[in-house]
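This briefing is intended for a reader who is new to the structure shown below.

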Amino acid sequence: MATALNIPQDAETCEVKCGQKTLTFTNLQKLFWPQLNKTKRDVLIYYAAVSDVLLPHLRDRGLTVKKYPDGADGKAILVKKIPAYHPQWLKFCPVVRSPGIILEFPMVQDLASLLWIVNLGCIDFCQWPVRCDDIHRPDYVYFNLDPIFPAEFSQVREAALLINHILQKKNVNAYAKTSGSRGIHIYVPIYRKPYQREVWRTAKKVADTMAKEHSALLTSAHIISKRLPGRVLIGYNQNAGGRTFSSPYSLRANPQATVSTPVSWEELETGVTASEFTVDSVPPRVERIGDLFRPLLRPGSRYPLEALL
DNA sequence: GGTTGAA
DNA sequence: TTCAACCAACGCGGC
DNA sequence: GCCGCG
């Protein structure tokens with residue numbers, strides 16, 4: 001059952017009980033998507049509605065927070081250090097950046113933390129691929145598929161299906177979500193053993209091999225000028241240290257208010273588009289089919305990194 | 001968007 | 001009480 | 001060492 005947030009339609013501010021915690025929502029009528037007539041209130045209601053499927057993916061992972069004080073078309077402010085005024089129950093993941101310098105990344109451990117961060121003016125969520133108890137060993141390998149002009153989303157789908165087919169031949173199950181804009185993200189859950197660097201090296205090897213063997217469809221070139229037009233980029237560099245991935249079910253700050261949405265391989269075969277998954281359509285979809293990314297949370301669905309080679 | 005701290 | 005300032009930074013390859 | 005990239 002989805003979490004419904006009880007905010008009066010026309011309230012400008014509102015106090016909400018979240019278990020023992022009390023949250024104050026502010027500027028609720030602020031238009032975040034003027035063309036869609038969607039407000040900050042709609043963002044809070046969206047995240048509450050999908051919180052059952054979103055929270056397990058965010059749990060124990062550091063986040064980078066992006067604020068959009070002027071809505072989805074406005075400037076974005078990246079906030080790595082949450083200011084001192086945060087509630088005392090918000091949890092952090094301390095990361096030693098260099099000797100004597102410790103950065104504290106916020107973690108969303110419950111609904112209250114999620115909504116407190118959303119109230120800062122946050123639209124999209126980016127999470128670390130590692131959990132805080134072992135910040136050097138990722139939980140998954142990640143490929144970022146992006147169309148290179150004039151390629152379109154249909155080619156990205158085709159590329160995703162090809163990559164899945166190749167991984168299936170290695171008896172590896174992968175999971176896909178729309179990026180929310182023009183691409184698709186592919187996740188392969190791995191045992192937490194190899195260091196980030198090793199995961200990156202393997203991702204590069206896999207991407208380069210696939211691009212070499214299917215050069216009419218794929219490219220893995222890091223340098224933009226070396227990417228052939230009309231191909232699909234299979235990006236591996238997000239596996240490098242210190243990078244974050246956009247979370248599943250994250251809203252995107254684009255004019256359509258799309259959502260980065262897990263999709264099945266069958267859906268990709270029958271031709272879904274990225275634009276059909278939005279702030280309006282995703283909550284009922286999640287109610288209907290649950291979380292297609294749930295296997296990523298189960299220890300039993302993981303592979304040794306070498307299985308991808 | 002929210003807060004702090006200076007004017 | 002008003003108002004400006006602040007709010008990130010790094011790993012990787014290639015050259 | 002610096003640039004391009006994300």
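In this predicted model, the largest cavity holds about 70 Å³ of space.

**Largest cavity**

- The lining includes Pro56, His57, Arg61, Gln127 and Tyr140, together with Tyr187, Pro248, Phe293, Leu296 and Leu297.
- By class, 7 of the lining residues are nonpolar, 2 are polar and 1 is charged.
- Domain 1 (14-133) and domain 2 (136-308) each contribute at least three residues to this lining.

**Second largest cavity**

- Among the residues that line the second largest cavity are Arg61, Gly62, Cys93, Phe105, Trp128 and Ile135.
- Its lining divides into 7 nonpolar, 1 polar and 2 charged residues.

**Backbone geometry**

- Most residues other than glycine have a negative phi, and most peptide bonds are trans.
- The peptide bond from Phe149 to Pro150 is cis, with omega near 0°; Pro150 is located in the loop between strand S10 (140-147) and helix H4 (153-169).
- Asp60 has a positive phi, near 70°, and is placed in the loop between helix H2 (51-58) and strand S5 (63-67).
- Asp60 counts as partly exposed because its relative accessibility is 29%.
- Tyr249 also has a positive phi, near 70°, and belongs to the loop between strand S15 (245-246) and strand S16 (262-263).
- Tyr249 has a relative accessible area of 2% and is therefore buried.

Conventions:
Residues are numbered from 1 along each chain as its sequence is written. Chains are lettered from A and ligands numbered from 1 in the order in which they are written. This is a predicted model: local features need pLDDT of at least 70, side-chain atom pairs count only at pLDDT 80 or more; totals for chains, interfaces and linings use all residues. Side-chain values use heavy atoms; hydrogens and water are left out. On a 1 Å grid over the protein atoms alone, a cavity is a set of points where a 1.4 Å probe fits but cannot get out, and a pocket is an open set with protein on both sides within 12 Å along at least five of seven lines; lining residues have an atom within 4 Å of a point. Grid points are joined across faces, edges and corners, and a volume is the space filled by probe spheres set on the points. Ala, Val, Leu, Ile, Met, Phe, Trp, Tyr, Cys and Pro count as nonpolar, Asp, Glu, Lys and Arg as charged, and the others, Gly among them, as polar. Domain bounds come from an automatic or database domain assignment. Helices (H or I, at least four residues) and strands (E, at least two) are DSSP runs, numbered from the N terminus. Buried means under 20% relative accessible area, exposed over 50%, partly exposed in between (1.4 Å probe, protein chains only).
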